[in-house]
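Please read these notes with the model open beside you. They cover a core, a helix pair and a sheet.

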Amino acid sequence: MRPDRRGVLALMGAGTAAVLMPGGGAWALDANQARALIDRALGEVYRVINAGQPPAQMYREFETIFARYADVDVIARSALGPAARQAGPAALAAYTQAFQGYIGRKYGKRFREFIGSRIEVTGARPLKSFFAVTSVAYLNGRAPMEVEWHVSNKSGRDRFFNIIIEGVNMLASERAEISAMLTARRGDLAGLTADLQRAG
C-alpha cells in the first residue's frame, strides 16, 4: 500500500493489539454503538476536511477528534512499546500528550489531499473481546480500500483502539518511528517527548 493512501487514515487508526487493552468484565457496548462511534468520528473528520480552515487550525481540530474518539492512552503506550512499562507516571503523561499532538499535526498535513472523498461504514460484528466495524474508503482517483476499526469500552469509554487497512495494522509504522526516535535519544523518554512536540 502506498504511504500517501495510508496517511489520511492513520490519524484515526494508530492502534494497538487487543492484548494491551485494560482488563474488564461484561460489556455494555454493542455492535450498533460501535458503528455509531465510527460514523460520528468520520463525520467530524470530513467536516474539518471540507471547512477550508487554515492548516494550523485544521491540525488542532484533528487532534481534538483523535482525543475524543480514540483510546489515546492505550495507543500511545503501544506505540512506545516496552519503554512504557518503565516510565514514571508524569513522564508517561507528558509523552502521551506530545504523541497526541504529533499525530494530529502529522496526518492533518495529509488530509487536504482527500477533499471530496468519503468513507462509508458497512457493518459491525463482535470479534474476540471487542467489535470490528467495517468500512470502505473511496478516494478520488484511487481504488477503494477496505478499512476495519476495532472498538472497545474496556477503558471505561467507547473508543477505537486499532484500525486495519487492507490487512495492514496501522500501528506498525508509528511504532517503528517512535522506536527509532527513542533509540536515537538512547532511551531518554523526555528527549523523545521533546522531539514529538516539534515533529509532525
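1. The largest nonpolar core holds 53 residues. Such a core is a set of buried Ala, Val, Leu, Ile, Met, Phe, Trp, Tyr and Cys residues joined through side-chain atoms within 4.5 Å, where buried means under 20% relative accessible area (1.4 Å probe, protein chains only). Leu80, Tyr95, Phe99, Ile178, Leu192 and Leu196 have the most contacts inside this core. Helix H2 (residues 31–49) gives the largest share, nine residues; helices (H or I, at least four residues) and strands (E, at least two) are DSSP runs, numbered from the N terminus.

2. This is a predicted model, in which local features need pLDDT of at least 70 and side-chain atom pairs count only at pLDDT 80 or more, while totals for chains, interfaces and linings use all residues. Residues are numbered from 1 along each chain as its sequence is written, and side-chain values use heavy atoms, with hydrogens and water left out.

3. Leucine 196 touches (heavy atoms within 4.5 Å) Tyr95, Ala98, Phe99, Tyr102, Arg105, Ile178 and Met181, leaving aside residues up to four places away in sequence.

4. Helix H4 (residues 72–80) packs against helix H6 (residues 89–111) at about 100°, with axes 10 Å apart. Axes are lines fitted to C-alpha atoms over the stretch in contact, and angles run from 0 to 180 degrees between N-to-C directions. H4 and H6 are therefore roughly perpendicular (65 to 115 degrees). Residues making the contact include Leu80 of H4 and Tyr95 and Phe99 of H6.

5. Five strands form an open antiparallel sheet, ordered E1-E2-E3-E4-E5; strands pair if DSSP finds at least two bridges between them. Two bridges join E4 (residues 159–165) to E5, and isoleucine 165 stands opposite valine 168 in E5.

Technical notes. Angles under 35 degrees count as roughly parallel, over 145 as roughly antiparallel, 65 to 115 as roughly perpendicular and the rest as oblique. Buried means under 20% relative accessible area, exposed over 50%, partly exposed in between (1.4 Å probe, protein chains only).
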